[in-house]
Amino acid sequence: MDNHFDQWGNNNQNQYQNQNQYQGQNQGPYNYQGPMPEAIFINGTLNRGALKEDSRAAFGLKYGTALGATVIPGLITGGLACIPFIGPLISFFVSPVFQVGGVRVNNRVAAKDPAASLDGPNGLFSIFNRFWETFASIFVTQLFIFLWSLLLVVPGIIKSYSWFLVPYILADNPNMSGEDARDLSARMMYGHRLELFVLQLSFLGWAILGLLTLGLLDVFYIGPWLSVTISDYYLNLKQLENIDPGNYGSNYGPTGGNNYYGGNGPDWNSNNNGGYGPDMNGNN
């Protein structure tokens, strides 16, 4: 299905030769191991084969972590929902927060961060110190999408893809407001909505195969791999658009001197709000 991967491998050897320079700029414990962003987005166009192979490699390095980040939230929220009376309400409130926590872990898995873990300062539960703010941001986003869907199906679908990256942006910068996260997501996804839809659709064959295994393949392989793939897509899109979510907010705005476009590029320094290691342009 993704017959561009061989071409990518043949045409981007020089990019991998420059990878040591990329890694040499690391100023923290995180050492970037993925391909250069130009290998994933060739002239601004997503190379699905390259992305899926890169995410498969990252997934293989941290299989247990990716599996846990994908499965554990569902097990906990599902278990809570089984508690009579109060359980479904508790599950309703914790599900959006777990969603962002799982994304936070899988973002680090996708980045091939050797420190990616289910616990610790960037683990599955790390986002709970911003519980109500995170819940409100995700809930309001989903409510808006629902209201748009009441108008017509197509506007709802468009909005769902415009705001698709809200959990990923909040995982990068938990202090960001939901309004700013939606604005930034819409800006990042402009011109990429169909691209993301096709990327998800490319897993359809795997989904059919998962049905033949009574869902076991979905749980233990396809679901975690897809989650890491979307995280990988987000990280590379952030580089393509030269965006730092940690420097974007209502106090800055796209015209307020922030680092939205240009500047120092995407800040992945764990000491800042990006949370994934070095500024990939070496300007930390």
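Accessible areas here come from the Shrake-Rupley method with a 1.4 Å probe. With that in hand I looked up the surface of this predicted model, and I noted that the protein chain exposes about 13400 Å², of which carbon and sulfur atoms supply 61%.

**Entry: the chain overall**

I listed the secondary structure and found 14 helices and two strands in the protein chain. I then checked burial, and of the 284 residues in the protein chain 48% count as buried. Turning to contacts with a separation of 6 or more, I noted that 64% of them in the protein chain join residues 24 or more positions apart.

**Entry: the nonpolar core**

I asked myself which residues have the most contacts inside the largest nonpolar core. That core has 49 residues, and the ones with the most contacts inside it are L165, I169, M188 and Y233. I went on to the elements that give two or more residues to this core, and I wrote down α5 (48–61), α6 (63–81), α7 (87–110), α8, α10 (166–172), α11 (178–189), α12 (193–201) and α14 (216–240). The largest share comes from α7, with eight residues.

I looked at L165 separately, leaving aside its neighbours within four places in sequence, and recorded contacts with S185, M188, M189, Y234 and L237.

**Entry: α7 against α14**

On the α7 side I found V103, N106, N107, V109 and A110, which meet S227, V228, S231, D232, Y234 and L235 of α14. Sorted by class, the residues of this contact are six nonpolar, four polar and one charged.

**Entry: α8 against α9**

How do the axes of helix α8 and helix α9 cross, and within what distance do they come? For α8 (residues 131–151) and α9 (residues 153–162) I noted axes that come within 5 Å and cross at roughly 155°, which makes α8 roughly antiparallel to α9, the cut-off for that term being over 145 degrees. In this contact α8 contributes I145, W148 and S149, while α9 contributes V153, P155, G156, K159 and S160. I counted the classes as well, and the contact of α8 with α9 has four nonpolar, three polar and one charged residues.

Terms used. Residues numbered from 1 in each chain as written. Predicted model: local features only at pLDDT ≥ 70, side-chain atom pairs only at ≥ 80, totals over all residues. Heavy atoms only, no water. Helix = DSSP H or I, 4+ residues; strand = E, 2+ residues; numbered from the N terminus. Buried < 20%, exposed > 50% of the residue type's maximum accessible area, 1.4 Å probe, protein only. Contact = heavy atoms within 4.5 Å. Axes fitted to C-alpha atoms, helices over the stretch in contact; angles between N-to-C directions. Parallel < 35°, antiparallel > 145°, perpendicular 65-115°, else oblique. Nonpolar A, V, L, I, M, F, W, Y, C, P; charged D, E, K, R; others polar. Core = buried A, V, L, I, M, F, W, Y, C linked by side-chain atoms within 4.5 Å.
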